[in-house]
Amino acid sequence: MTTEKQAEKKAPVDLSKDVQKDQSQLLQKEMIRGNYDRLAKADEDHEEKVVYTFVPGNLNELVMCFDVVGNYPEINALQSAMQKKTGAYVMEAERGGQDEDVCTYVKADLGMMRKGNIGPAGKKLADPDLLLLSYTGCFTFMKWFELLRHEYNCETTMLHVPYQGDGEITQNMRDHVVKQLKEDVIPALERVSGVKFDIDRLREHLRESAKAEDKLVKVLESAKLKPSPIDSYFGGLYYVGPTFSAFRGTPECTAYYDKLWEEVNERIQKGQGPVTPEGLMGEEKYRLVVEGPLNYTHMREFWKMFYDEGAVVVASSYTKVGGNYETGFRHDPDRPLESLADYCLGCYTNLNLPSRTKMLENYINNYEADGLLINSIKSCNSFSAGQLMMMNEIEKRTGKPGAFIETDLVDPRYFSAANVKNRLESYFQMVDQKRRSSRKIA
């Protein structure tokens with residue numbers, strides 16, 4: 001059992017110490033910086049058109065068919081948060097009239113814009129020529145792009161994705177999305193870019209996406225092993241980055257996953273755990289499933305609370321927000337537009353609560369986890385609604401204990417290290433007690 005006195009003796013995060021990173025993480029960093037360089041160049045010479053879009057339901061394979069560069073506001077916000085910039089951006093947005101309870105991704109984006117739209121790489125990002133909204137269950141996205149449309153006065157196109165209220169994708173839902181792709185989204189991209197749509201080019205990108213998705217699933221499912229060679233929450237952020245953003249459908253993305261799998265497979269052969277910012281993790285003591293997004297303003301400190309206790313996240317819902325591939329979905333070049341529709345329809349934010357609950361239950365069982373931890377995000381209603389109900393239901397179904405912590409995405413005011421640490425330590429004590437009880441019964 002971890003006492004308060006023992007907890008106090010644990011070394012705090014040394015921010016002066018270099019973060020330990022795999023080669024794949026460095027490769028991903030270069031990819032992301034390259035996209036920011038393209039956005040900066042587009043602002044300087046106006047030779048490339050720019051499309052702003054979101055991670056869930058993003059149509060990157062389609063967007064690339066028009067030789068435009070994509071910008072993702074949520075990624076800008078989280079990247080800025082890890083650089084400790086978003087506190088000032090959020091305050092700037094609130095001074096501009098945004099309420100305290102508005103999604104902090106939105107406020108970070110609006111605040112960054114009001115301060116010159118200087119991106120995480122330190123260069124000004126080009127203004128959008130098109131706002132492309134794929135609506136996949138998060139109502140905030142619509143209001144967010146309404147605000148940006150007022151600021152940028154550019155063309156806006158919305159792809160409405162029907163909600164999976166009954167927990168399944170129907171042909172009518174698929175047809176509805178395909179119709180919009182043909183009649184609204186593709187014509188808008190043609191107008192903005194001046195490039196004619198080529199479906200064979202789309203097929204090539206989809207073929208490349210499927211390769212990367214195969215390898216990503218191998219990486220995520222390696223967490224079924226003991227010890228797990230990966231962390232599917234903190235490390236998972238890096239694993240899903242390329243396929244959730246401007247790189248899915250490119251050979252560079254496939255090469256990233258080849259490198260990532262090579263590293264993961266090497267750790268499997270050596271019986272090693274995941275790489276953390278402090279280096280390889282030690283003994284695996286707890287295996288967790290986590291529901292809810294990350295906190296980015298204190299990510300290194302947050303992660304350290306887990307690996308100090310020997311806790312590994314073996315599966316998370318957050319790494320499905322930009323696409324859920326473990327159930328078998330792959331982008332399909334033989335069904336190009338239908339495949340894009342199915343992708344959008346299957347994003348985690350577009351699933352109903354029973355479907356989300358079943359997914360988490362399966363993770364608990366299939367990954368032999370010790371329990372469910374929920375990170376409830378103050379300003380994210382699309383995730384937070386129903387989380388307590390889901391936790392209670394999963395406890396009943398699996399017999400494994402659940403716990404609840406609260407942070408925020410990119411607002412540093414809502415990360416209380418002491419509160420999070422106390423709740424985590426109490427939870428691990430609960431897990432230990434549950435184990436002892438199970439052994440007595442056995």
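Which residues does L62 touch, leaving out those up to four places away in sequence? Hi everyone, let's start there. Keep in mind that we're looking at a predicted model. L62 touches L181, V185, I186, L189, F197, L202 and L340.

Now let's step back to the core. L62 belongs to the largest nonpolar core, which has 136 residues. Along with L62, the residues with the most contacts inside this core are Y105, Y296 and F306. Helix α8, residues 171-193, gives the most to this core, with nine residues. As background, nonpolar side chains in soluble globular proteins tend to be buried together.

Next stop, helix α4. The buried ones are P73, E74, I75, N76, A77, L78, Q79, S80 and A81. And what covers them? The cover includes the helices α2 (23-45), α5 (86-95), α6 (104-114) and α7 (139-152), along with the strand β2 (69-71). Have a look just after α4 as well: K84 takes a positive phi there, about 65 degrees.

You'll find R248 in the loop between α10 (234-240) and α11 (251-270). Is R248 buried or exposed? R248 counts as buried, because its relative accessibility is 0%, and the cut-off for buried is under 20%. The side chain of R248 also has a partner: it makes a polar contact with the side chain of Y343, at 3.4 Å.

Conventions. Residues numbered from 1 in each chain as written. Predicted model: local features only at pLDDT ≥ 70, side-chain atom pairs only at ≥ 80, totals over all residues. Heavy atoms only, no water. Core = buried A, V, L, I, M, F, W, Y, C linked by side-chain atoms within 4.5 Å. Buried < 20%, exposed > 50% of the residue type's maximum accessible area, 1.4 Å probe, protein only. Helix = DSSP H or I, 4+ residues; strand = E, 2+ residues; numbered from the N terminus. Contact = heavy atoms within 4.5 Å. Polar contact = N/O pair within 3.5 Å; in protein donor to acceptor, adjacent residues only side chain to side chain.
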